[in-house]
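The notes below are grouped by topic.

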Amino acid sequence: QVQLVESGGGLVQAGGSLRLSCAASGSIRSILSMGWYRQAPGNQRELVAVATSGGVTNYADSVKGRFTIARDNAKNTVDLQMDSLNPEDTAVYYCKLVGIRNSDIATYWGQGTQVTVSS
């Protein structure tokens with residue numbers, strides 16, 4: 001199995017910064033992408049940012065210019081630097097890994113970490 005361990009959430013004032021980290025461990029043959037999603041109360045889970053193992057990144061329009069995703073392929077980690085946070089960024093943030101395991105594409109999620117931005 002694959003485990004994703006997230007860290008770095010917390011409470012911050014509007015305009016502040018937080019850095020989320022996610023580390024993957026376990027049995028997976030190849031990681032295709034790692035990224036971050038978020039879910040606010042009453043909303044669906046949405047993409048925040050994703051990075052492929054080839055170095056391609058994609059961001060939600062709402063976070064472009066404020067958030068930066070960084071992959072470390074050697075360590076199987078993905079970080080999300082979040083700057084200029086605003087209350088609309090408040091959500092539970094989830095790390096997601098898509099990879100190949102036993103010749104099948106597999107998707108794994110972390111347990112989630114709370115980010116709260118106060119106005």
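Ser17 sits in the loop that links β2 (10–13) to β3 (18–26), where strands are DSSP runs of E with at least two residues, numbered from the N terminus. This is a predicted model, in which local features need pLDDT of at least 70 and side-chain atom pairs count only at pLDDT 80 or more, while totals for chains, interfaces and linings use all residues. Residues are numbered from 1 along each chain as its sequence is written, and side-chain values use heavy atoms, with hydrogens and water left out.

**Ser17**
- Ser17 counts as partly exposed because its relative accessibility is 39%, given that buried means under 20% relative accessible area, exposed over 50%, and partly exposed in between (1.4 Å probe, protein chains only).
- The side chains of Ser17 and Asp83 are joined by a polar contact of 2.7 Å.
- Although Ser17 and Ser84 are 67 residues apart along the chain, their C-alpha atoms are separated by 6.2 Å.

**Arg66**
- Arg66 lies in the loop between β6 (57–59) and β7 (67–72), and it counts as buried because its relative accessibility is 15%.
- The side chain of Arg66 reaches the backbone oxygen of Ser62 at 2.8 Å.

**Nonpolar core**
- The largest nonpolar core has 30 residues, of which Trp36, Leu80, Met82 and Tyr93 touch the most other members; such a core is a set of buried Ala, Val, Leu, Ile, Met, Phe, Trp, Tyr and Cys residues joined through side-chain atoms within 4.5 Å.

How values were computed:
Helices (H or I, at least four residues) and strands (E, at least two) are DSSP runs, numbered from the N terminus. A polar contact is a pair of N or O atoms within 3.5 Å; within protein, one must be able to donate a hydrogen and the other to accept it, and residues adjacent in sequence count only if both atoms are side-chain atoms.
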